[in-house]
Amino acid sequence: MRAPYGSGPPAPAVLAVRGAALLLALVALARTSVHGIAEPGLALVFGLLVAAGELVRRGAAGEREPAPLAAAGALAYALLGDSAGRPTTHGALQVIAVVVAAQGLAAVARGACGRRADADRAARRTLTVGFAAVCFQPLYASGQAERWFGDGPYFPLLPLTVLALTALCDAVLAALLARSAARAEGPGALPPYGSLLVDEVRALAGIGTAIGATGVVTALGVAVAGPWAPAVLCGPLLLTQVSARRYTAVRTTCGQTMASLARATEIAGYTPPGHARRVAALATAVGRELGLTGPRLTVLEHAALMHDIGQLSLLDPVAGGATARLPAAEQRRIALLGGAVVRRTGAGPEVAAVVEQQADPYREQLLAARIVRTVNAYDDLCGESVGGPLRALEQLRLGTGHDHQPQVVEALGRVLARGGLTPAGAG
């Protein structure tokens, strides 16, 4: 998911998720310990699969699901009906108990190796797997699933339907936890819940689809081939995890390169210290306020970091880095040069286009370029001590006829109001 929570107390939503997962886990473990484990061989296979998936994960920044093998194994056990042609009797609570026990075993092993456990991710998985098991297992055990779908080619429609509902449940929980994480970072960074939910639903088209498909296929494979099926069917997902991790590493390296280049203008004295970082943080918050999510938000953040890189072509720095005082042709030249530099970093043509449009009238700009332009102007005004953030916002509003889009200025005002109107140029 996203950045870890801040050092403050957990938000009520986080406590509710943790509490619900803990209650569900205790009920499942108590019931399983009293009634014993049904089909212990199957429980051991899926428990080891979940534990192994948790142990091989790294949880690198930017990974949507750092343990896809564990997630697929847990879903497969929740959607498991027959095993080698014979009905199973493990039930929903045993599914939850096995998944919880496997996650606990992996957490102990990771702790012994000095790797931190992610309690919120474990709670989220417990609830989503529990949701899938409660939806599927009672229908299967009662025979209702066979009466509705038969025992032929239409039966997979049931686990696929349950999988779709489970994915939606997981997206709701993920967005809730992400918003709580943003709240811990500060009120100005708080994104709308709807935008985060859309972001999570869109992410299901990536690694989420691979996890869900592997879980369903594994459950159906066990129904035919028995407990040996997971070892064969989960192999491709492990390769997908390796590829996704390499892609994440490349994106991280690209981000670090842009952050370093952004500091070059500060080191050379072309822009005030911390200017690029402040503009990127505030522009990202404004983008969330306007509903940007996922890749569009990443493009905005990277463009905000690099928006001043073209100033390195100037013989003498502009006072305060405010290029708005320069002739329009010179502003345009600096913007085009900045875009050319961005294209060489591997950031992508979308980021370069936003940087190149910084000298254009706002009505001809992309939304991301409008946001960077407005936030950059706000930071410049605060640095000039025009009378504080309220005065800076007032000047931006006066420029909405030509220089700034009114909706962007108002979104900036709402973000700053939540953050206490802290001057961007300070610190």
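**A colleague's note on the predicted model**

1. A search of the whole structure finds 11 salt bridges. Please keep in mind that this is a predicted model.

2. Start with Asp120 and Arg18, whose side chains meet in a salt bridge at 2.6 Å, N to O. Asp120 belongs to helix α5 and Arg18 to helix α1 (residues 12–35), so this pair ties together parts that are 102 residues apart in sequence.

3. Helix α5 takes part in another bridge. Glu54 forms a salt bridge with Arg125, and the closest N and O atoms are 2.3 Å apart. Glu54 sits in helix α2 and Arg125 in helix α5, so the pair ties together parts that are 71 residues apart in sequence. Both Glu54 and Arg125 are buried.

4. A bridge within one helix comes next. The side chains of Glu394 and Arg391 meet at 3.2 Å, N to O. Both residues lie in helix α16 (residues 389–398), and because they are 3 residues apart, about one helical turn separates them. Glu394 is partly exposed, with a relative accessible area of 39%, and Arg391 is partly exposed too, at 34%.

5. Now for the rings. How many aromatic pairs does a search of the whole structure find? The search gives 3 aromatic pairs. One of them joins Phe46 and Tyr77, which are stacked, with 5.0 Å from centre to centre and 20° between the planes. This pair links distant parts of the chain: Phe46 is in helix α2 (residues 40–56) and Tyr77 in helix α3 (residues 68–78), 31 residues apart. Phe46 and Tyr77 are both buried.

6. Phe136 and Tyr140 make another aromatic pair. Their ring centres are 6.1 Å apart and their planes are at 10°, so the pair is stacked. Both residues lie in helix α5 (residues 119–142), 4 residues apart, which is about one turn of the helix. Phe136 is buried, as is Tyr140. Ring pairs also bring in Phe155, linking Phe136, Tyr140 and Phe155 into a cluster.

7. Tyr154 is placed in the loop between α6 (144–149) and α7 (157–185). Is Tyr154 buried or exposed? Tyr154 is exposed, with a relative accessible area of 57%.

8. Gln94 is found in helix α4 (residues 91–112) and is buried, with a relative accessible area of 0%. Gln94 and Thr32 are 62 residues apart in sequence, yet their C-alpha atoms are 6.0 Å apart in space.

9. For helix geometry, take α12 (residues 294–306). This helix has 13 residues and reaches 19 Å from its first C-alpha to its last, close to the 18 Å expected at 1.5 Å a residue. The buried residues of α12 are Gly294, Leu297, Leu300, His302, Ala303, Ala304, Leu305 and Met306.

10. Turning to the cysteines, a search of the whole structure finds 0 disulfides. Cys169 is in no disulfide: the nearest cysteine sulfur, that of Cys135, is 8.4 Å away, and the cut-off for a disulfide is 2.5 Å. Another cysteine, Cys382, is buried, with a relative accessible area of 13%.

11. Finally, here are two backbone details to check. Most residues other than glycine have a negative phi. Glu39 has a positive phi of about 45° although it is not a glycine. Glu39 is found in the loop between α1 and α2, and is partly exposed, with a relative accessible area of 23%. Ala84 also has a positive phi, near 55°. The place of Ala84 is in the loop between β1 (82–83) and β2 (86–87), and Ala84 counts as partly exposed at 39% relative accessibility.

How values were computed
Residues numbered from 1 in each chain as written. Predicted model: local features only at pLDDT ≥ 70, side-chain atom pairs only at ≥ 80, totals over all residues. Heavy atoms only, no water. Buried < 20%, exposed > 50% of the residue type's maximum accessible area, 1.4 Å probe, protein only. Phe/Tyr/Trp six-rings, centres within 6.5 Å; stacked < 30°, edge-to-face > 60°. Helix = DSSP H or I, 4+ residues; strand = E, 2+ residues; numbered from the N terminus. Expected span 1.5 Å × (residues − 1). Salt bridge = Lys/Arg side-chain N within 4 Å of Asp/Glu carboxyl O.
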